[in-house]
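Work through the following exercises with the structure open beside the text. Each one gives a task and then a solution in steps.

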Amino acid sequence: MMAKTHQAFAVFSVLMVDKFVPGLVGNLCVACCLGFIGALLPDLDSPQSSFGRIVPMLSKPFHKILGHRTVTHSLFAVAVLHFTFMAFSLKPSYSNAICVGYISHIIGDMLIGKNGVTLFWPLKQKCSINPIRIPVAGFGEYVVFNLLIVCIAARGLHQFEPEAYHLLLKGISLIV
Ligand SMILES: [Zn+2]
């Protein structure tokens with residue numbers, strides 16, 4: 001999955017978590033920003049990624065030793081991240097938002113891309129939930145990205161301008 005799709009999926013995931021578990025991620029604007037950042041972190045293992053290019057002194061040795069989509073794309077990494085935040089007494093809602101973004105990245109790489117991730121690292125088994133093999137940066141990912149943007153816009157409109165949202169739905173129902 002490309003960085004922009006990861007970021008859109010992270011914001012979408014934060015919005016969905018907030019809808020179904022109100023309060024878990026705290027202030028929605030802050031949570032979306034933190035989720036956005038959290039979604040970049042797993043690609044620390046790729047020197048070509050957006051985050052990897054910022055910290056090449058970490059991403060290059062990481063990639064050389066462990067490879068791409070291994071430990072940083074696992075449940076183990078999510079647990080380490082969560083316990084690190086707890087150790088530093090980070091506000092729980094901030095920690096939750098970053099973890100939601102992080103987990104969304106892992107799910108995204110399981111949905112798009114041919115290789116999957118080592119979700120249960122240190123087991124080497126690759127996990128994927130991409131039965132139709134949507135390739136990275138292909139037409140399928142382009143469709144997914146645009147659908148995510150529409151869903152985010154609709155959710156944002158529903159959250160902050162509910163009257164406009166209902167008017168839009170009414171308009172669409174008249175056209176369709
Ligand atoms: Zn990744």
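**Exercise 1.** In which hand does helix 1 pass helix 6? Describe the packing of the two helices, and then the residues that make it.

Solution. The model is a predicted one, and in it helix 1 passes helix 6 in a right-handed crossing. Turning to the geometry, helix 1, which covers residues 3–20, packs against helix 6, residues 92–111, at an angle of about 125°, with the axes 8 Å apart. Angles of 65 to 115 degrees count as roughly perpendicular and those over 145 as roughly antiparallel, and helix 1 and helix 6 are therefore oblique to each other. On the side of helix 1 the contact is made by Thr5, His6, Phe9, Ala10, Ser13, Val14 and Val17, while helix 6 contributes Ala97, Val100, Gly101, Ser104, His105 and Gly108.

**Exercise 2.** At what angle do helix 1 and helix 2 pack, and how far apart are their axes? Classify the arrangement and describe the contact.

Solution. The angle between helix 1 and helix 2 is about 140°, and their axes lie 8 Å apart. That angle makes helix 1 oblique to helix 2, and the crossing of the two is right-handed. From helix 1, the residues Gln7, Ala10, Val11, Ser13, Val14 and Asp18 meet Leu28, Ala31, Cys32, Gly35, Phe36 and Gly38 of helix 2. The residues of this contact divide into seven nonpolar, four polar and one charged.

**Exercise 3.** Which residues of helix 1 are buried, and what covers them? Compare also the span of the helix with its expected value.

Solution. The 18 residues of helix 1 reach 26 Å from the first C-alpha to the last, which is close to the 26 Å expected at 1.5 Å a residue. Its buried residues are Thr5, His6, Gln7, Ala8, Phe9, Ala10, Val11, Ser13, Val14, Leu15, Val17 and Asp18. What covers the buried residues includes helix 2 (28–38), helix 6 and helix 7 (139–160).

**Exercise 4.** Is Leu15 buried or exposed? Identify its contacts beyond the neighbouring stretch of sequence.

Solution. Leu15 belongs to helix 1. A residue counts as buried if 20 or more other C-beta atoms lie within 10 Å of its own, and Leu15, with 23 such atoms within 10 Å, is therefore buried. Once neighbours within four places in sequence are left aside, Leu15 is in contact with Ile152 and Arg155. Leu15 and Gln159, although 144 residues apart in sequence, are 9.6 Å apart in space, C-alpha to C-alpha.

Technical notes
Residues are numbered from 1 along each chain as its sequence is written. This is a predicted model: local features need pLDDT of at least 70, side-chain atom pairs count only at pLDDT 80 or more; totals for chains, interfaces and linings use all residues. Axes are lines fitted to C-alpha atoms, for helices over the stretch in contact, and angles run from 0 to 180 degrees between N-to-C directions. Helices (H or I, at least four residues) and strands (E, at least two) are DSSP runs, numbered from the N terminus. Angles under 35 degrees count as roughly parallel, over 145 as roughly antiparallel, 65 to 115 as roughly perpendicular and the rest as oblique. A crossing is left-handed if the near helix is turned anticlockwise from the far one by less than a right angle, and right-handed if clockwise. Two residues are in contact if their C-beta atoms, placed from the backbone, lie within 7 Å. A residue is buried if 20 or more other C-beta atoms lie within 10 Å of its own, exposed if 12 or fewer, and partly exposed in between; C-beta atoms are placed from the backbone. The expected span of a helix is 1.5 Å times one less than its number of residues. Ala, Val, Leu, Ile, Met, Phe, Trp, Tyr, Cys and Pro count as nonpolar, Asp, Glu, Lys and Arg as charged, and the others, Gly among them, as polar.
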